[in-house]
Amino acid sequence: MPRLSTSFYEQTDVAGISKALLGKYLLTSFNGMITGGRIVETEAYRGPDDKACHAYQNRCTRRTQVMFETGGVAYIYLCYGIHHLFNIVTAEAGMPHAILIRAIEPVLGIEAMQDRRGMSKVSPQLTGGPGVMSKALGIDKAYTGISLTEPESPIWVEDRREPLTKEAILSGPRIGIDYAEECKEWPWLFWIKDNPFVSKRR
DNA sequence: CACGGGATCGTCT
DNA sequence: GACGATCCCGTGT
């Protein structure tokens, strides 16, 4: 299956790419073990004019500098001291857009993902939520900045040609960004309708 | 099921 | 020194 390429990630409409990623497959390969599944929930962040984005007003720090690279690299950071949240950088170099992948439906390497999570059963909590999804996939912030498009990359996204209908995609305000003032109402959270692995609202 | 709080540490002020 | 693009568990109903 083909990996999504730089031409996909370099598009400028971050909300559109966010929606287009639904139904694609996010996969990792560590120590020969492939794990991953179908993307069911995403969130768009559009620096520099988005107050919810870490790169608001082009703020460039050691943490955020990878967001300024060309589309198709990983932006991974530690949240609340515990969770490693996985984002995909989009747009051309110098334009800090990113998409947070919030949930996948587990498909490949399910037992390995259960081991990483310490869970004996498959439940929505296995991969439904940005922190637990990264943990299930074996992703941590050591991988921030890596390419998702090179053939040897251990993290990538595949298009398995499983298109979604317009009716299957819903959107709403993003989660956990109360500080973002007027931007917090922007409907840039996207999810697949009725999918049990979409994270719970809070 | 709803709610509240604790965990835990890198990052920026 | 404060706080966060979260999660999990305990309590009460």
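Predicted model: local features only at pLDDT ≥ 70, side-chain atom pairs only at ≥ 80, totals over all residues.
Which residues are buried in α4? The legends below take up this and other points.

View 1. Residues are numbered from 1 along each chain as its sequence is written, chains are lettered from A and ligands numbered from 1 in the order in which they are written, and side-chain values use heavy atoms, without hydrogens and water. Chain A has 4 helices and 8 strands, which are DSSP runs numbered from the N terminus (helices: H or I, at least four residues; strands: E, at least two). Along the sequence their pattern is α-α-β-β-β-β-β-α-α-β-β-β. The C-alpha trace spans about 45 × 35 × 35 Å along its principal axes.

View 2. The buried residues in α4 are P130, G131, M133, S134, A136 and L137. They pack against β1 (25–30), β2 (33–46), β4 (83–90), β5 (97–108) and α3 (110–117). After α4 comes G138, with a positive phi near 80 degrees.

**View 3. Nonpolar cores and L26.** A nonpolar core is a set of buried Ala, Val, Leu, Ile, Met, Phe, Trp, Tyr and Cys residues joined through side-chain atoms within 4.5 Å. The largest has 37 residues, of which L21, L26, I39, F86, I88, I101 and V157 touch the most other members. Apart from this core lies another, of 18 residues, among them A55, Y75, L85 and V89. Contact means heavy atoms within 4.5 Å. Leaving aside neighbours within four places in sequence, the contacts of L26 include I39, F86, I101, M133, L137 and V157.

**View 4. The loop between β2 and β3.** P48 lies in the loop between β2 and β3 (74–79). The peptide bond from G47 to P48 is cis, with omega near 5 degrees. N58 is also placed in the loop between β2 and β3. Phi of N58 is positive, near 60 degrees, in a residue other than glycine. N58 is partly exposed, with a relative accessible area of 39%.

**View 5. Y80 in the loop between β3 and β4.** Y80 sits in the loop between β3 and β4. Its phi is near 55 degrees, a positive value in a residue other than glycine. Y80 is exposed, with a relative accessible area of 73%.

Note on methods: Buried < 20%, exposed > 50% of the residue type's maximum accessible area, 1.4 Å probe, protein only.
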